[in-house]
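Please read this briefing alongside the sequence and the coordinates. The points are grouped by topic and are meant to be checked against the structure itself.

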Amino acid sequence: MISDGVVEDEEKWLSAGIAGLQQNAFHMHRALDSNNLKDALKYSAQMLSELRTSRLSPHKYYELYMRAFDELRKLEIFFKEETSRGCSIVELYELVQHAGNILPRLYLLCTVGSVYIKSKEAPAKDVLKDLVEMCRGIQHPLRGLFLRSYLSQVSRDKLPDIGSEYEGRDADTVMDAVEFVLQNFTEMNKLWVRMQHQGPAREKDKRGKERGELRDLVGKNLHVLSQIEGVDLEMYKETVLPRVLEQVVNCKDELAQYYLMDCIIQVFPDEYHLQTLETLLSACPQLQSSVDVETVLSRLMERLSNYAASGSEVLPEFFQVEAFAKLNNSIGKVIEAQENMPIAGVVTLYASLLTFTLQVHPDRLDYIDQILGACVKKLSGREKLNDSKATKQIVALLSAPLEKYKDIDTALNLSNYPRIMECLNDGTHKEMANVIVQNILKNKTCISTAEKVDALFELIKGLIRDLDGDTHDELDADFIEEQNSVARLIQILHSDDPEEMLKVIETVRKHILTGGRKRLPYTVPPLIFSSLKLVRRLEKQEESVSGDEASTTPKKIFQLVTQTIEALTSIPVPELALGLYLQCAEAANDCDLEPVAYEFFTQAYILYEEEITDSKTQVTSIHLIIGTLQRMHVFGVENRDALTHKATGYSAKLLKKPDQCRAVYACSHLFWLDDHDSIRDEERVLLCLKRALRIANAVQQMANATRGSSGSALLFIEILNKYLYFYEKGVSQITVESIQDLIKLIRNEMQGDASPSDPAADAFLASTLRYIQFQKDKGGAVGDKYMLITD
């Protein structure tokens, strides 16, 4: 680091230089105003002498140079006016060469030379050649760079280019312009590289930073070359590129080689790069081993990829020059030449080549597999990748085919794709697996064969099971999101062939059962629902295919489903398993498989009795059982009675009385189904409702005993609504008197002195009474029945 004292001294030197420059510029302006050429040259030389300093850093020297540059523009205007007043430009060109110091002399010479070329009294090529040769007189790196930068600046619009007013008469006029720029570039690069080797070794990093600030001075020459109209492909191929690359390779400087290679790639046209690919690539293995060649090549391939994407009409050019083969060969040579190249660099190169190939040769899967194979070769034998940059590039490499083809089938057809996945550490494997799953979900890719499903699930095993003994039990948000994605993936797997679909289900089951206790609750349910979807498809096809002929039958699927749900019992998640058993029972009901449906209910009841002990879970489960049983039509009288008896028994044994009450009156629906004449037992409906009323009364009595006040009448109002429902349906056991008695009971409970205020109950009762009035006003058969109710 530069000490504060050095910085202060540098500021003083800069201030002194600016002061001297301004003072001499003032006298120069006075001489210019009085048309005094002799004094103008004298003071301008003294002004430019301030640029002879060696005390300033490049940044500070640039400030001083820019002030001098502004003054030189004014001096150039004066020289033009002098020539218009009759002063010989040739004499002026010779006159400025009498300046005492070489640096001011050359700045003045370049300034007059600019006017000399404009006067056209001599060929531009001769003046430019003279100037570029004379500038050799300054060999101090910093002063020389800025002098030659000034020469480049004043001459760039005066080159003898095709169509330029300074175009020469001979056929080689463009070559003269190119030769001038190349010579200036070569000398500037030598000066720039020499800076690195001046001064003590301890300041090497400081010099490197200073050189980085000056790189654009050198690079501008290449930009000027690219703007010369006469530089066609032939000249670029035969002259410009070989000369520039010769300088780049021979300078043997890491910073210069990296920057100049990048400049070449950025400033010259894409079609030139394509047609000179072999020449450009041949320089890469010759660069210093410390040069970041992978970035250089990646940027070249990125430009070529963008060029290929610009239109299909340019693709034949790529085929003609065999771009893929050349790039692939060059990458191999670079990796071989740079033995210590980090694995991140290797992967970066192959990722860029893959992107290029996908753009230029999207139909050549063999090329893509070849790239992946080369990458596998470099990764094999190493420990699994842990370098963050390398893993990021690997993810980019593996994601590219998915993004291009939007079809996982293509990736599954690449033999080396899973081999690269094997080289990833667990975290990156999981990340890449998630990318694959999201790609499938986004593009709604249909995977329809068991073989492909098996390959896919092996590919995304980082999401399916723990890798290398990773058995942490934290269920964070990321894990839950990953498992939800897997569940969505299972849902979209589909085959039109039922037999193949069953194989798909069996394949998925094989993989997900290895997922462990924390994954099964997420992955088993979608597999069960996918299986039940297949059952219903088979049921629809039953008319055309008999059970004996079909190798895939509902019974076979139900056996598989039963075994899958049993896997959940080891976790345990009894509430989830119970829900799945009930879903399966409904599916068996749709297939008229009474024994199967009964078995599923039996398993659900066993879970309820033996595993579900939490009171809240019991309430949820019993209502689920009642709701499912209500929709079942397949059971005969004996089986149905057994199941409904159990359900009502469970309801009456719930821990909390209000929960008992609600479950018992819900059981009334098990004995009256509108669409089944055989299931209409009025007595048992009334029995359930009366039992619910007794429990509600017990709740009130307990409230009085424990709190000294009656509880809420909400349960009574809920039971009233059940009475009204069955009264409307025509249950003869539900009489007008029983409804009116219940309404009276509710009002007494709510108006009693010991009754607490309950806005919810008040609103519920008011709503119920409005419904009764609505039915009365509506009229018709139902309305007539409601007219009998007086409240």
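The model is a predicted one, and the values given for it are computed.

**Packing of H18 and H19**

- Helix H18, which spans residues 365-379, packs with helix H19, residues 388-405, at an angle of about 165 degrees, and their axes are 12 Å apart.
- Because angles over 145 degrees count as roughly antiparallel, H18 is described as roughly antiparallel to H19, and the crossing of these two helices is left-handed.
- On the H18 side the contact is made by Leu365, Ile368, Leu372, Cys375 and Leu379, which meet Ile394, Leu397 and Tyr405 of H19.
- By class, the residues of this contact between H18 and H19 are eight nonpolar, no polar and no charged.

**Packing of H8 and H11**

- Helix H8 (residues 173-194) and helix H11 (residues 254-267) cross at roughly 140 degrees, and their axes come within 10 Å.
- That angle makes H8 oblique to H11, and the crossing in which H8 passes H11 is right-handed.
- The residues that meet are Phe185, Asn189, Trp192 and Val193 from H8, and Leu255, Ala256, Tyr259 and Leu260 from H11.
- The contact of H8 with H11 comprises seven nonpolar residues, one polar residue and no charged residues.

- The buried residues in H33 are Asp659, Gln660, Cys661, Ala663, Val664, Tyr665, Ala666 and Cys667.
- The cover over these buried residues of H33 includes H31, helix H32 (637-652), helix H34 (682-707) and helix H35 (714-729).
- Within helix H31, which runs over residues 615-630, lies threonine 628, and this threonine counts as buried because its relative accessibility is 2%.
- When neighbours within four places in sequence are left aside, threonine 628 is in contact with Leu582, Glu586 and Phe601.

**Cysteines**

- The structure holds zero disulfides, a disulfide being, in general terms, a covalent bond between the sulfur atoms of two cysteines.
- Cysteine 688 is in no disulfide, and the nearest cysteine sulfur, which belongs to cysteine 667, is 5.7 Å away; a pair counts as a disulfide if its sulfur atoms are within 2.5 Å.
- Cysteine 688 counts as buried, with a relative accessibility of 7%, whereas cysteine 446 is partly exposed, at a relative accessible area of 45%.

**Loop residues with positive phi**

- Most residues other than glycine have a negative phi, and the residues below are listed against that background.
- Asparagine 35 has a phi near 60 degrees, a positive value in a residue other than glycine; asparagine 35 is placed in the loop between helix H1 (4-33) and helix H2 (37-49), and it is partly exposed, with a relative accessible area of 42%.
- Lysine 406 has a phi near 50 degrees, again a positive value in a residue other than glycine; lysine 406 sits in the loop between H19 and helix H20 (408-412), and at 49% relative accessibility it counts as partly exposed.

Conventions. Residues numbered from 1 in each chain as written. Predicted model: local features only at pLDDT ≥ 70, side-chain atom pairs only at ≥ 80, totals over all residues. Heavy atoms only, no water. Buried < 20%, exposed > 50% of the residue type's maximum accessible area, 1.4 Å probe, protein only. Axes fitted to C-alpha atoms, helices over the stretch in contact; angles between N-to-C directions. Helix = DSSP H or I, 4+ residues; strand = E, 2+ residues; numbered from the N terminus. Parallel < 35°, antiparallel > 145°, perpendicular 65-115°, else oblique. Left-handed = near helix turned anticlockwise from the far one by under 90°. Contact = heavy atoms within 4.5 Å. Nonpolar A, V, L, I, M, F, W, Y, C, P; charged D, E, K, R; others polar.
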